[in-house]
Amino acid sequence: MFDGMQRRVVSMWFPRLASDRALRARPVDGPFALTLKQANAERLHCLNTAAERQGLHRGMTLADARAFCPGLLSRPADPAGNTRFLHVLRRWATRYCPWVGLEGDDGLVLDITGSAHLFGGEAALLADMRQRLARAGLTVRLGLGDTRGAAWALAHFREGTAEAGAPHAALAGLSVAALRIEDDTVTALQRLGLRTIGALENAARAPLARRFGPDLLLRLDQALGRQPEQITPLAEPPHYGVRLSLPEPIGLFDDVMAATSRLLDQLCTKLKAQETGARVLSLTLRRVDQEAQTVELRLASPMRDAARILPLFARGLGEVDAGFGIDQIRLEAVQVEPLPVHQVSHVSSGRADQLDDLITRIGTRIGLENVQRFLPADSHIPERSFLIAAAAWSEPGGSWVATRPRPVCLFPPEPIAGTAARPPRHFRWRRMSLSTARATGPERIAPEWWLPDDNWRSGMRDYWHVETRQGRRLWLFYTPQNPGWFVQGEFA
């Protein structure tokens with residue numbers, strides 16, 4: 001139902017978003033451009049005003065640009081960083097209205113219907129936008145109209161404001177390219193003599209629909225307000241943080257743990273609603289003297305069970321100096337990971353949880369990255385048949401496939417005396433005189449010729465399981481192509 005209020009839309013276009021962002025961090029006097037590698041050539045991605053005055057333009061190769069402008073300064077472009085910066089601008093623009101969406105990769109669109117009067121009218125609102133963005137060092141072009149298409153056209157082709165209720169009068173003289181259509185369609189329309197939106201509006205619709213399809217007329221109707229076009233604002237990301245302000249300062253360990261338990265219950269409720277689990281938790285305790293202490297807890301697996309997480313804070317909270325008392329506690333999930341709801345088995349789930357809790361407890365003392373596990377690898381070379389990974393960021397591997405027994409302790413080859421093809425009866429290893437009691441083998445292992453490895457330059461190896469009279473059970477190998485004996489492992 002029509003509520004008597006005319007819809008008004010503002011389009012913000014940042015034609016030099018990437019270069020303005022780069023120059024905000026490191027200002028440059030003179031021509032400047034950001035480059036991006038395209039089709040095996042460095043091309044200009046975004047330029048400042050000084051570079052455009054030298055005749056440079058987007059898409060130009062960097063070599064040609066330096067030929068035209070030897071003093072051109074350039075840096076590599078950062079498209080991902082520009083996207084993050086545009087999201088920051090979108091959040092800033094919500095000061096004018098709550099309905100803010102993205103317009104491509106260099107623009108914003110705002111539905112200011114009913115909010116312009118809060119800033120003294122539309123003219124004052126646009127002036128405030130220009131002033132604040134200019135102060136931030138950003139170039140912006142603004143368009144205001146009744147529709148999203150009209151606002152976009154005015155921002156990109158003729159900066160200005162369209163009167164309420166009259167989008168046709170403001171757009172009639174603009175090029176058909178202002179309708180956000182493909183370049184090939186623009187060229188074809190211009191060859192037919194339809195160069196402006198006004199000429200396109202007066203042309204017969206049926207032949208245009210047959211030749212160019214429905215998209216052309218849809219864009220025209222959206223710009224003129226005949227067809228609706230929604231503005232979809234981005235949802236704010238969930239904030240995983242809770243805070244507790246205390247009426248009286250506390251300092252006892254049990255009191256701090258009780259307050260932490262209360263915060264964990266609230267935080268885990270948020271995590272469960274988003275089907276996520278906390279991986280890194282930060283607990284900040286503010287004292288009455290305005291000093292703050294932070295206890296960080298890094299978990300071995302994503303968790304949202306308050307009863308399991310609370311005991312893991314005990315060691316860190318035991319080292320906190322409460323001073324004259326703590327009057328505010330803040331708990332935040334710094335890093336979260338997806339943790340969908342799944343069926344829990346009463347047989348095996350408890351064991352996995354206990355292992356994760358144990359890894360977390362050990363990790364708080366020596367670091368999670370130092371708690372490691374062995375994983376099987378697809379290689380027949382002994383030293384390449386396993387991987388070492390942090391237990392907190394890896395899952396246990398599948399079954400280990402070993403056709404022959406392998407030593408528990410494996411180390412770089414250590415030479416011993418001997419040149420015969422069978423293990424020596426007497427040899428010295430690590431300052432010990434050993435005698436061979438029983439030898440089992442050989443097991444021939446050839447090098448992986450497709451992988452370069454300096455340790456296997458001596459060629460194939462013949463491995464032997466040697467039991468000594470002194471009780472040592474060693475893993476020896478002989479190199480036939482370059483006769484010599486080496487010890488590489490020891491069995492339990």
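Gln 488 is buried in this predicted model, with a relative accessible area of 2%. Buried means under 20% relative accessible area, exposed means over 50%, and partly exposed lies in between (1.4 Å probe, protein chains only). Gln 488 belongs to strand β20 (residues 485-490). Strands (E, at least two residues) and helices (H or I, at least four) are DSSP runs, numbered from the N terminus. The side chain of Gln 488 makes a polar contact of 2.6 Å with that of Tyr 463. It makes another, of 2.9 Å, with the side chain of Glu 383. A polar contact is a pair of N or O atoms within 3.5 Å; within protein, one must be able to donate a hydrogen and the other to accept it, and residues adjacent in sequence count only if both atoms are side-chain atoms.

The model is predicted, with local features needing pLDDT of at least 70 and side-chain atom pairs counting only at pLDDT 80 or more, while totals for chains, interfaces and linings use all residues. Residues are numbered from 1 along each chain as its sequence is written, and side-chain values use heavy atoms, with hydrogens and water left out.

Arg 279 is also part of a polar contact, 2.9 Å in length, between its side chain and that of Glu 337. Arg 279 sits in strand β10 (residues 276-287). Its relative accessibility is 5%, so it counts as buried. Helix α6 (residues 148-157) is largely enclosed by the rest of the structure, because 9 of its 10 residues are buried. Among them are Arg 148, Trp 152 and His 156.

Side chains of opposite charge can pair when their charged atoms come close. The whole structure holds 26 salt bridges. A salt bridge is a side-chain nitrogen of Lys or Arg within 4 Å of a carboxyl oxygen of Asp or Glu. One joins Arg 438 to Glu 467, with the closest N and O atoms 2.9 Å apart. Arg 438 is in strand β17 and Glu 467 in strand β18 (residues 461-468), so the pair ties together parts 29 residues apart in sequence. Arg 438 is partly exposed at 49%, and Glu 467 is partly exposed at 22%. Another bridge joins Arg 472 and Glu 490, whose closest N and O atoms are 2.7 Å apart. This pair links distant parts of the chain, 18 residues apart: Arg 472 is in the loop between β18 and β19 (473-478), and Glu 490 is in strand β20. Arg 472 is partly exposed at 31% relative accessibility, whereas Glu 490 is buried at 16%. A network of salt bridges links Glu 201, Arg 205, Asp 221 and Arg 226.

Most residues other than glycine have a negative phi, and most peptide bonds are trans. Ala 39 has a positive phi, near 55°. It lies in the loop between β2 (32-38) and β3 (41-47). Ala 39 is exposed, with a relative accessible area of 72%. Arg 430 is not a glycine either, yet its phi is positive, at about 55°. Its place is the loop between β16 (426-429) and β17. Arg 430 is partly exposed, at 47% relative accessibility. The peptide bond from Gly 441 to Pro 442 is cis, with omega near 0°. Pro 442 falls in strand β17 (residues 432-445).
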